Amino acid sequence: MKIAGVDPGIHGGLAIVVLNDGAAPQLVDAIDIPTVGVRAKERVDVIAFQTWLKMHMPDCAIVERAQAMPKQGASSGFKYGRATGAIEAAIVCSGIPMTIIEPSVWKRLHGLRGGDKEGGRQRALQIFPGAHSLLSRRKDHGRAEAALIALMPVPAITPKTVTIETAATISVSERRLLS
């Protein structure tokens with residue numbers, strides 16, 4: 001199964017992970033969210049994002065749920081929400097089933113805490129040692145988080161489905177999958 005993981009936002013990341021029965025997961029590709037414009041006018045390049053999705057043709061997408069962050073200003077919050085909405089719309093308009101997952105759920109599964117961006121990158125490098133070139137820079141944390149998000153166990157997905165995962169729906173055996 002080919003899964004797209006998405007760490008949303010203007011400075012987020014995208015990853016394609018392939019899961020085959022009994023084999024180690026493979027990180028096929030990871031990129032920064034494509035953008036156009038600069039500074040206050042920067043936004044998601046939806047056409048470039050959809051082109052990337054069509055190139056990889058994932059079976060489903062798992063997107064981290066967007067939420068307001070402490071001390072985030074109104075303009076920043078609006079920009080982040082707009083970016084996340086554009087990403088989610090592009091996925092759904094591409095006909096790719098999507099699951100939205102709570103940040104605490106996927107971070108708990110990988111043993112990460114809060115905003116430890118470097119810890120997430122290091123964890124992704126442990127799971128995907130052959131993908132060092134995609135995650136080599138400290139600023140590649142968005143790509144790394146997208147790859148970790150793509151590893152989340154999700155219920156069976158039917159076409160045009162949007163589900164929201166919470167900690168209560170992830171079983172103990174599923175949490176042990178990646179330890």
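The buried set is Gly-142, Arg-143, Ala-144, Glu-145, Ala-146, Ala-147, Leu-148, Ile-149 and Ala-150. Buried means under 20% relative accessible area, exposed over 50%, partly exposed in between (1.4 Å probe, protein chains only). Helices (H or I, at least four residues) and strands (E, at least two) are DSSP runs, numbered from the N terminus.

This is a predicted model: local features need pLDDT of at least 70, side-chain atom pairs count only at pLDDT 80 or more, and totals for chains, interfaces and linings use all residues. Residues are numbered from 1 along each chain as its sequence is written, and side-chain values use heavy atoms, with hydrogens and water left out.

The largest nonpolar core holds 27 residues, with Leu-27 and Phe-128 making the most contacts inside it. Such a core is a set of buried Ala, Val, Leu, Ile, Met, Phe, Trp, Tyr and Cys residues joined through side-chain atoms within 4.5 Å. Helix α5 gives the most to this core, 6 residues.

The whole structure has 8 salt bridges, each a side-chain nitrogen of Lys or Arg within 4 Å of a carboxyl oxygen of Asp or Glu. One joins Lys-117 and Glu-145 (3.6 Å, N to O). Lys-117 lies in helix α4 and Glu-145 in helix α5, so this pair ties together parts 28 residues apart in sequence. Lys-117 is partly exposed at 35% relative accessibility; Glu-145 is buried at 3%. Arg-143 pairs with Asp-140 in another salt bridge (3.7 Å, N to O). Both Arg-143 and Asp-140 are buried.
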